[in-house]
Amino acid sequence: MWGFSLIDPGLGPLDQPQTRVAKSIWDFHGKMASSRHIKDVSFCGRPQCGVIGTAPSHELLQRWSEREGALNENHENHGVVCAQMPVENGVFVGQKLPENLLNKIKTEGARTKPAREHGGNIDAGSLTGGSRIYLPVYVPGANLSVGDLHFSQGDGEPTCAIEMAGIATLKCSVFPGGMEKLGLSCPIVVPSPAEPLYRQQLAFHGISVDKKGNQKRSDLTTSYIQAATHAMDYLQRFGYSHEQAYTLLATAPVETKVLAVPNIPTANVSVGIPTQIFNFNINPTPDGPSPKDRGSLAYLSEAREKAFQEARKGCSETPFDRP
């Protein structure tokens with residue numbers, strides 16, 4: 001079996017001006033994953049569904065549109081759109097419906113990229129076999145849906161995790177009145193007792209100061225970008241490319257933590273790189289890292305890269321601060 005990961009400039013927050021479109025293929029050996037495109041790395045996967053959620057009520061759907069639309073109005077910056085509003089282009093329903101209902105879905109249905117109260121695209125790497133998730137129910141029958149299977153994903157998933165084909169087997173039950181009894185307004189997850197954990201890590205810290213040296217008020221995304229950028233820079237000292245390091249942060253069992261938020265104006269975030277996934281020592285030494293040939297991701301040809309960039313012109317840029 002196999003899976004793949006992708007870097008698509010504009011998708012993630014760790015892009016640099018030189019970031020290129022790149023792909024990596026991952027081979028699965030039982031519970032382990034390795035890639036011909038990233039040498040000297042292997043790790044135990046934690047297969048999970050990136051998407052799991054219930055259907056929103058009409059009232060909740062309207063609430064999403066109002067608050068996300070307001071976000072675009074209040075925070076639009078140089079053409080950047082913070083939230084994708086309902087649009088017909090790209091809608092997939094997957095069933096035959098009356099024309100009027102189909103058109104209503106296309107024009108009013110929420111874009112499914114972000115996670116929301118109902119769950120959705122939560123991309124929780126720890127939601128692996130043996131875990132449990134409690135979801136709120138907003139419509140009769142709940143209309144539970146799952147998908148977006150990953151073999152492995154790092155916390156934060158700054159770009160594409162290891163995407164794969166597969167079958168998800170679930171056992172479902174209902175708590176009558178559970179939303180009121182539990183005060184449930186967002187998912188609750190109980191991690192699996194069988195989740196693989198790598199305790200030996202190098203944890204890179206980041207604070208809420210952006211790439212230009214501007215202090216942000218306890219901005220956790222800015223802190224994450226700084227910590228992740230430090231981690232990528234360190235891995236590149238061993239010979240990994242920018243894209244390889246980017247991919248590792250999204251696919252390997254990286255542990256990201258919010259360390260402290262009350263110390264205004266700084267919020268502290270750490271990105272923990274498991275040292276045991278490498279077949280060489282990545283710990284700091286007096287002599288410093290030794291760069292070697294670590295392989296290469298699969299890149300587009302020069303002509304296809306140029307065509308890709310041309311097609312991107314006029315599209316909205318990512319709203320994240322560039323590191």
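Start with the largest cavity: its volume is about 40 Å³. A cavity here is a set of points on a 1 Å grid over the protein atoms alone where a 1.4 Å probe fits but cannot get out. Its volume is the space filled by probe spheres set on the points, with grid points joined across faces, edges and corners. This is a predicted model, where local features need pLDDT of at least 70 and side-chain atom pairs pLDDT 80 or more, while totals for chains, interfaces and linings use all residues. Residues are numbered from 1 along each chain as its sequence is written, and side-chain values use heavy atoms, without hydrogens and water.

Select the lining (residues with an atom within 4 Å of a point): Trp-64, Ser-65, Glu-68, Gln-84, Met-85, Pro-86, Ala-110, Arg-111 and Arg-116. Helix H1 (residues 58-75) gives the most, with 3 residues. By class, 4 are nonpolar, 2 polar and 3 charged.

Next, the second largest cavity, at about 30 Å³. Select Leu-235, Leu-248, Leu-249, Ala-252, Val-254, Ile-273, Ile-277 and Phe-278. This lining has 8 nonpolar residues, no polar and no charged.

Now color strand E5, residues 48-53. Of its 6 residues, 5 are buried (under 20% relative accessible area, 1.4 Å probe, protein chains only). Strands are DSSP runs of at least two residues, helices of at least four (H or I). E5 pairs (at least two DSSP bridges) antiparallel with E9, residues 145-152, over 5 bridges. E5 also pairs antiparallel with E7, residues 119-121, over 3 bridges. Zoom to Ile-52: opposite stand Val-146 in E9 and Gly-120 in E7.

Methods
Buried < 20%, exposed > 50% of the residue type's maximum accessible area, 1.4 Å probe, protein only. 1 Å grid on protein atoms, 1.4 Å probe; cavity = no way out; pocket = protein on both sides within 12 Å on 5 of 7 lines; lining within 4 Å. Nonpolar A, V, L, I, M, F, W, Y, C, P; charged D, E, K, R; others polar.
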